[in-house]
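Subject: Structure handover and findings

Dear colleague,

Please find below the sequence and the structure that I am handing over to you. My findings follow directly after them.

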Amino acid sequence: MLFLSISSLATQAQDLLADQAPIDRKMKAVDSVALERIAQERFEKNFSENIYGSNWNTMNPFCYSSSSIPNTYKIDLRGFYIPVPNKKYAKVTSKFGYRPRFGRMHKGVDLKVYTGDTIYAAFDGKVRIKKYDANGYGYYLVLRHENGLETIYGHLSKQLVNINQVVKAGQPIGLGGNTGRSFGSHLHFETRIMGHPINPELLFNFAMRDVTNDFYVFNKTASQANYNKMASAGNKKATTSESASTNTGKHWYKVKAGESLPNIAKKLGVSVEQLCKQNNIKANTIVKAGRLLKY
Ligand SMILES: [Zn+2]
């Protein structure tokens, strides 16, 4: 397969060069710079012809309306490269689904990595977003792929690529970390189609470091229904088991830079008074970034 694609690329490259460089008709050999340029052009063409068309927003990670999501879409998963190194770390430490602890959906999976571990691009693609989100993803990247997926890599300690950079599957794109809303180093990994999150474990078997199948047929109605069911089932469960005050004091919150007690209380849905009591502090106590608060 590799040989075939390289040789067909070379043929295409020669054809294109024959068209584009009439001055040097005698040129027989294709030099590597030209080959690279042609690969880039082919990539750009395939890229612009997929479901996203010309929608290329490098500022907003979720710039799509749900109405533009195709009803069904066959996603080609061949060419997957697991984004985390070393077999023993390909461990899902937190699954896709509702998280009562935060009162919201976890829209990806967490994979165990250590700070400084290399993080790899899951497929060939192009870097769309490179940002920092203090209360969420931390340092993160969003890559768009030719197969219609976008992948998100969160809590990085370092981003190694730039916006608009074309990357190959398996290319190092960042280093694992613990930035943003994270408790311990891990990679938060999401797979989305036009902003709609798909459970990555439907696509990949992380323990086996492989795809679940060569293709995954995405069905918008089924996937949205499943997502809503998960979110509402979680909500119901949360209101029956977590609303009682007896359940407070079991969670920890790591203070972020610039946060005050009222901010934190509001974010966690508890009163400042409650936070003070639980942590043996006063309402005017200045809580430093990195401090753990019980709630
Ligand atoms: Zn996560």
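Arg 209 is partly exposed, because 14 other C-beta atoms lie within 10 Å of its own, and a residue counts as partly exposed when that number falls between the limits of 12 or fewer for exposed and 20 or more for buried. The model in which this holds is a predicted one. Arg 209 sits in the loop that links β15 (204-205) to β16 (210-211). Although Arg 209 is not a glycine, its phi is positive, at about 55°.

Met 194 also deserves attention for its backbone. Its phi is near 45°, a positive value in a residue other than glycine. Met 194 belongs to the loop between β13 and β14 (196-198). Is Met 194 buried or exposed? With 22 other C-beta atoms within 10 Å, Met 194 is buried.

A further loop residue is Cys 63, located between α2 (32-48) and β1 (72-76). Cys 63 is partly exposed, since it has 15 other C-beta atoms within 10 Å. Cys 63 and Gly 195 are separated by 132 residues in sequence, yet their C-alpha atoms are 7.5 Å apart in space.

Overall picture and confidence

The protein has six helices and 19 strands. Of its 295 residues, 24% count as buried. Among contacts between residues at least 6 apart in sequence, 64% join residues at least 24 apart.

The average pLDDT of the protein is 83, and 82% of the residues score at least 70. Over residues 1-7, however, the pLDDT is below 50, and this stretch has zero contacts in the model beyond near neighbours in sequence. Residues 238-247 also stay under 50 in pLDDT; for them the model has four contacts beyond four places in sequence.

The nonpolar cores

The largest nonpolar core comprises 34 residues, and those with the most contacts inside it are Tyr 140, Leu 141, Tyr 153 and Leu 187. The elements that contribute two or more residues to this core are β5 (109-112), β7 (125-133), β8 (138-145), β9 (150-156), β13 (186-193) and β17 (215-219). Its largest share, five residues, comes from β8.

Leaving aside residues up to four places away in sequence, which residues does Tyr 153 touch? They are Pro 83, Ile 119, Tyr 140, Leu 141, Ile 173, Gly 174, Leu 187 and Phe 189.

Why is β8 described as largely enclosed by the rest of the structure? The reason is that eight of the eight residues of β8 are buried.

β8 runs antiparallel to β7, to which it is joined by eight bridges. One of the paired positions is Tyr 132, whose bridge partner in β8 is Tyr 139. The two strands β7 and β8 form a hairpin with four residues between them.

β8 is likewise antiparallel to β9, with five bridges joining the two. Here Val 142 stands opposite Ile 152 in β9. The hairpin of β8 and β9 has four residues between the strands, and within this hairpin Gly 148 takes a positive phi near 100°.

The three-stranded open sheet

An open sheet is formed by three strands in the order β6-β12-β10, with antiparallel pairing. Its edge strands are β6 (118-120) and β10 (158-159), each of which pairs on one side only.

The pairing of β6 with β12 is antiparallel and extends over three bridges. Tyr 120 has Pro 172 as its bridge partner in β12. For Gln 159, the bridge partner in β12 is Gly 174. Gly 174 is also one of the residues that Tyr 153 touches.

With kind regards

Notes
Residues are numbered from 1 along each chain as its sequence is written. This is a predicted model: local features need pLDDT of at least 70, side-chain atom pairs count only at pLDDT 80 or more; totals for chains, interfaces and linings use all residues. pLDDT is the predictor's confidence in each residue, from 0 to 100. Two residues are in contact if their C-beta atoms, placed from the backbone, lie within 7 Å. Two strands pair if DSSP finds at least two bridges between them. A nonpolar core is a set of buried Ala, Val, Leu, Ile, Met, Phe, Trp, Tyr and Cys residues joined through C-beta atoms within 7 Å.
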